[in-house]
Amino acid sequence: MTNGRVLETDVIVVGGGTAGCIVAARVSEDPVIHTTLLEWGPTDEGENRARYVRRWLEMLGGEYDLDYRSVPQQHGNSEIRQSRARILGGCANHNTMIAFKPPVWDLEEWVEHGATGWDPTTILPYYDRLQTTIVPVADAHRNAYLRDVITATASALDISVRTDWNSTPWRDGAGFLEIAYTPETGERSTSSRDYLRPLLGNRDNLDVRLQARTTRLLVDGERVTGVEVRRDDGSLERITARREVVLCAGAIDTPRLMLLSGIGPANELKAAGVEVQHASPGVGQNLQDHPETLLIWELNRPMPPEGATDWDMAIFARTDPARPGPDIQMHVPLTTFAVHSEFLGIPTPEHSCSMTPNVPKPKSRGTITLASPDPDVAPIYDPAYLTDPEGYDEAMLLKGVELARRIAATQPMSDWLVRETVPGADLTQPDELREMIRRTHHTVYHVSGTAKMGAESDPLAVCDPELRVRGLQGLRIADASVFPTVTTVNPMVTIFMIAERAADLIKAS
Ligand SMILES: Cc1cc2nc3c(=O)[nH]c(=O)nc-3n(C[C@H](O)[C@H](O)[C@H](O)COP(=O)(O)OP(=O)(O)OC[C@H]3O[C@@H](n4cnc5c(N)ncnc54)[C@H](O)[C@@H]3O)c2cc1C
């Protein structure tokens, strides 16, 4: 898959994941820009668990999963396992491909945070450029149980039924989602499959190196000049970038690599035994994710088999009408997913269903820091869920439980249910429910914001709005790390769009 050993190139893209495959494919459209993509993992071609979206769960915790474990949590569940796929295509190869255009108010919020130029008028047209296929869950995949949940939700919460999430202006609602997939085959539509792989062997100025982990950025004064790469056989090589290095290693590994290279909060770097190359206090800060809680019911019959992704339906509700967007999202999966609370030994009935209310705009902020200068030691992943001083995130999860119970008590969903097993119908007091939420809540795997873009006046803004790392030349970031705030909706499509824009900025610079 490589075009030979090139030790000098124009643009180095670190990480061939969700964003990186798009950045490399688009930048190398310009034949004068020699582009080298470095991916830590192997190819996804021929890996059927990555090919078919409904097989997503088979990839979790497996050989491709970096599986970062949270440090003990002050308030929330300490057993969070943050899944990150180390394979060409990245996390879009083991996620559930729910596909949402970023809502207008999220982009407006980014502009308020100093991301000038990320306004809806400029950014939303990037959606129309995407080469991935995004379609509503196909009729053949629409599950009868979910149809009844949708009907019950519309009636219980008085919200609309939707399937047109990306083609019409936002309305809160419940319905089958839009998915990046091919309904006829059930294959995922990833940036690896639909941007990068068709180019391999067909584009002379694109060099793709697999099983090539970048272990360090090479910094010379105020300029990043290239990278140090470690191959799977343990050999090291240096690659020089004549123009720039673009980090697309994801919201954990991008800040991790910067910290390992001496770019980050000076005190933290010194404490970890890393020589400071460039002080940037925001690296690894501002970590955001959607915390979600879990309700499980016993079903009085088996779950019907139809489905596109296992996570085909969602509900967006608003408990505070003054907010610009919904303040509760619930996923309604087809299989009960309790991996983060397995340690509690909660029994799952033979036939079960669940709902997972989450906080679309959480106020808690976590961190990624280094435990050691050794690149083989995992970073300290502290999601700090439910730690915001106002207690907003926990209060919203509690409201989510109340709404989910209201839906479950409404026909026709109630016709499917025997009893609630988690939290359990006998748990009704807010304090008891809060305790249960703290013990059982999950991640929705939407880690973002750990090297955010923003205004020059914001000391924690690692990048400027053109995604360039402030204070350094030759270094840009294009992945979920640059989000100033996490999107209300699932973030993958926003990351596709960031990658498209990053490529424009790189080609124009
Ligand atoms: C289980 C799960 C389900 C999800 N479901 C959805 C969903 O349905 N919809 C949605 O919108 N979002 C979903 N998400 C979130 C979404 O998948 C991620 O936010 C997104 O894919 C992240 O994209 P990225 O480009 O930032 O990083 P990634 O896709 O993680 O890409 C990073 C790439 O960099 C590589 N890499 C890392 N470090 C190095 C290094 N040092 N050198 C070289 N290469 C490196 C990795 O191997 C990887 O290929 C889900 C995530 C998970 C884990």
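1. Strands here are DSSP runs of E, at least two residues, and helices are runs of H or I, at least four residues, both numbered from the N terminus. Two strands count as paired if DSSP finds at least two bridges between them.

2. A word on the model before going on. This is a predicted model, in which local features need pLDDT of at least 70 and side-chain atom pairs count only at pLDDT 80 or more, while totals for chains, interfaces and linings use all residues. Numbering runs from 1 along each chain as its sequence is written.

3. Back to β8 (residues 178-182): two bridges join this strand to β9, and the two run antiparallel.

4. β11 (212-220) is joined to β12 (residues 223-231) by eight bridges, antiparallel, with Ala212 opposite Arg231 in β12. They make a hairpin with two residues between the strands, and Gly221 in the turn has a positive phi of about 65°.

5. β12 also pairs with β13 (residues 236-247), again in the antiparallel sense, over five bridges. Val229 faces Glu237 of β13 across the pairing. This hairpin has four residues between its strands, and Gly234 in the turn has a positive phi of about 90°.

6. For helix packing, look at α7 (residues 144-157) and α11 (residues 392-408), whose axes come within 8 Å and cross at roughly 115°. The axes are lines fitted to C-alpha atoms over the stretch in contact, with angles from 0 to 180 degrees between N-to-C directions. Ala152, Thr153, Ala156 and Leu157 of α7 make the contact with Leu403, Arg406 and Ile407 of α11; contact means C-beta atoms, placed from the backbone, within 7 Å. By class, the contact residues are five nonpolar, one polar and one charged. Ala, Val, Leu, Ile, Met, Phe, Trp, Tyr, Cys and Pro count as nonpolar, Asp, Glu, Lys and Arg as charged, and the others, Gly among them, as polar.

7. Finally, the ligand. Around it are 39 residues, of which Gly15, Gly17, Gly90, Asn95 and Met492 come nearest; a residue is near if its C-beta atom, placed from the backbone, lies within 6 Å. β11, α9 (250-260) and α13 (492-508) are the elements giving two or more residues to this shell, and α9 has the largest share, four residues. The shell has 18 nonpolar, 15 polar and six charged residues.

Definitions and conventions:
Contact = placed C-beta atoms within 7 Å.
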